Amino acid sequence: AMRNVLGRDVQLDDAFLDLMRNTIDPPADAVAKTLVDQNLHRAVADLIKKRQMWDPDGEPSRQLPEDIRSYMKAASVLPPWRDQEMVNEAEQFFLLYGLASSTLLACASLPQCYVMKYGTEVLAYTKFLQVDPTRRIRETAQMVMDVMVPGGLQPGGRGVRATMKVRVMHAIVRHMIMNDPRAVANPSDAALKAAFGLPINQEDMVYTLLTFSYVVIEGFRIMGYRMTDRQREGYIHCWNVVGSLMGIREELLPASFAEARQLFDAIQRRQHGQSEAGKKLTAALLAAVQDAMPGDHHDPLIAALARKLGGDETADGLGIRRPT
């Protein structure tokens, strides 16, 4: 069993996690349906891209329908268990070492997402990652900075606003996939559909969250950065706050670093596998990182680092070549 942020134990067995694969985010999904029905989803995607989902005065964008603005306000209320001291602890660590987290994002967090054989198809569906992987890394790194910057998780903080934006985007993508019979992530075969679960479901969301918390903490350790226990617990806590704002059920959020490891291992054991989508996404990602670096673009450094951070089994599954 895993102890969650509410102080309760949940059994991480297949029955529970299968249920989580078929559980999504009803309030956000209702918003997405409204946007698509009113043909506003593209305009919203554009607001998201331009970082204009919130007006300068901190109110939801006045270009959005009123019911969606009130949803965004209600959904960005911070959870009652948020502990400001724990948040400060993690933010202070991030202030000193956070720039390394961009490297970890590209070489550890995203590759760990790409070894999940079902969730990866959702990422591939949006095409966005293959077409413009550099922008994907930049936007994801930007979200991490928004969350971890001092004050990012205060009421109305940058991290809160960035998270809400992602939650709405998830819901729009989910709506598109569930209404697109050609989407691999929406298979017509009943057995396959059961294995896939619903797109951007609770299990996939919490696993992705762990690649930003647990996987990054492990990455800092492998790269030789020393974190105190308090900083480590604070880091998990910050991302639990993000998870709750993201629409992840509190029963799935791990109470501590040790519980986070347990959850990560349990989900990986169920889903770890090779996929064409995963290999393509990884190749595009590593190429984008290599392009951003000075010197020879076929430098084996990035592949070697991704291999060290993710381990050989993950790296082999993603087609990351072994250094010669």
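By class, how many nonpolar, polar and charged residues are in the lining of the second largest cavity? Before selecting anything, note that this is a predicted model, where local features need pLDDT of at least 70, side-chain atom pairs count only at pLDDT 80 or more, and totals for chains, interfaces and linings use all residues. Numbering runs from 1 along each chain as its sequence is written, and side-chain values use heavy atoms, with hydrogens and water left out.

Start with R21, Y118, G119, V122, A185, F196, G197, L198, P199, I200 and D204, which line the second largest cavity. A cavity here is a set of points on a 1 Å grid over the protein atoms alone where a 1.4 Å probe fits but cannot get out, and lining residues have an atom within 4 Å of a point. The count is 7 nonpolar, 2 polar and 2 charged, around about 30 Å³ of space.

Next, pick S101, S102, L105, A141, V144, F212, V216 and W239, the lining of the largest cavity. About 50 Å³ of space lies there, and the lining has 6 nonpolar, 2 polar and no charged residues. Helix α6 (100–114; helices are DSSP runs of H or I, at least four residues) gives the most, with 3 residues.

Now hop to N39, in the loop between α2 (26–37) and α3 (41–49). Its phi is near 55°, positive in a residue other than glycine. N39 counts as exposed because its relative accessibility is 56% (exposed is over 50%, buried under 20%, partly exposed in between, with a 1.4 Å probe and protein chains only).

Finish at R51, in the loop between α3 and α4 (66–75). R51 also has a positive phi, about 60°, and is partly exposed at 44%.

Methods
Helix = DSSP H or I, 4+ residues; strand = E, 2+ residues; numbered from the N terminus. 1 Å grid on protein atoms, 1.4 Å probe; cavity = no way out; pocket = protein on both sides within 12 Å on 5 of 7 lines; lining within 4 Å. Points joined across faces, edges and corners; volume = space filled by probe spheres on them. Nonpolar A, V, L, I, M, F, W, Y, C, P; charged D, E, K, R; others polar.
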